[in-house]
Amino acid sequence: LREIIILPDKRLREISKPVAEVTPEIRKLADDMFESMYEAPGIGLAAIQIAEPVRLITMDIVRKEGNGKSDPRAFINPEIVGASAELNVYEEGCLSIPEYYAEVERPKTVRIRYTDLDGQVKEEDADGLFATCIQHEIDHLNGVLFVDHISKLKKAMVVRKFEKAAKRGIKYV
Ligand SMILES: O=C(O)C[C@@H](Cc1ccccc1)[C@H](O)SCc1ccccc1
Ligand SMILES: [Zn+2]
């Protein structure tokens with residue numbers, strides 16, 4: 001199980017590097033990410049959140065319902081190649097910014113291109129929670145956090161709260 005890094009950890013602002021080749025190490029990292037994601041629990045995770053600055057995302061949207069179903073997905077070097085003009089608002093959270101939620105507006109549907117764990121390049125349309133989550137995760141790969149999409153004032157309050165907690169040595173368990 002890998003520790004999820006928390007704001008204000010500067011590493012969350014790194015730009016993750018492309019994965020050159022799907023190696024056994026990348027597959028092992030994906031396994032570690034699924035384990036950490038399920039344990040959190042979360043429906044998405046970007047490698048930088050466990051301090052690995054590589055362009056790899058894991059997701060499992062259905063598992064959240066806890067009805068025994070599971071649809072683990074891994075996305076290597078994901079890119080958004082198209083986005084709807086129509087926007088969607090979703091109350092987002094982040095495993096790296098615990099217990100803070102805010103409404104974020106994003107394109108309702110996006111077309112993504114990525115490489116899967118078998119090394120196959122795929123293109124796919126995403127809508128609903130899948131669209132919201134994949135955009136949230138791709139943001140992580142670019143050092144962007146969901147609080148960067150909310151008002152300056154609210155973002156300043158959140159960042160200050162986490163910086164004070166960090167100074168007091170409070171680690172969110
Ligand atoms: O920090 C992360 O990247 C995990 C995020 C992914 C996410 C954020 C906003 C909207 C959808 C996904 C979440 O903390 S995973 C927890 C969760 C579960 C169900 C719905 C929303 C968030
Ligand atoms: Zn997040």
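**Close-ups of the zinc site and the sheet**

**View 1. Three side chains hold the zinc ion (ligand 2): Cys94 (SG), His136 (NE2) and His140 (NE2) are its protein donors, at 2.0 to 2.3 Å.** Donors here are N, O and S atoms within 2.8 Å of the metal (3.2 Å for Na, K and Ca), and since water is not among the atoms, sites may look incomplete. This is a predicted model, where local features need pLDDT of at least 70, side-chain atom pairs count only at pLDDT 80 or more, and totals for chains, interfaces and linings use all residues. Residues are numbered from 1 along each chain as its sequence is written, chains are lettered from A and ligands numbered from 1 in the order written, and side-chain values use heavy atoms, leaving out hydrogens and water.

**View 2. Along the sequence, the zinc donors follow the spacing C-x41-H-x3-H.** Cys94 sits in the loop between β4 (87-92) and β5 (102-107), while His136 is 42 residues away in helix α2 (residues 128-141). Helices (H or I, at least four residues) and strands (E, at least two) are DSSP runs, numbered from the N terminus. Cys94 is buried, at 8% relative accessible area, and His136 is buried too, at 9%; buried means under 20%, exposed over 50% and partly exposed in between (1.4 Å probe, protein chains only).

**View 3. An open, antiparallel sheet runs β1-β2-β3-β6-β7.** Strands pair if DSSP finds at least two bridges between them. β1 (44-46) and β7 (121-126) each have a single partner strand, so one side of each lacks a neighbour in the sheet.

**View 4. β3 (residues 73-83) and β6 (residues 110-115) pair antiparallel over 5 bridges.** Here Gly82 stands opposite Arg111 in β6.
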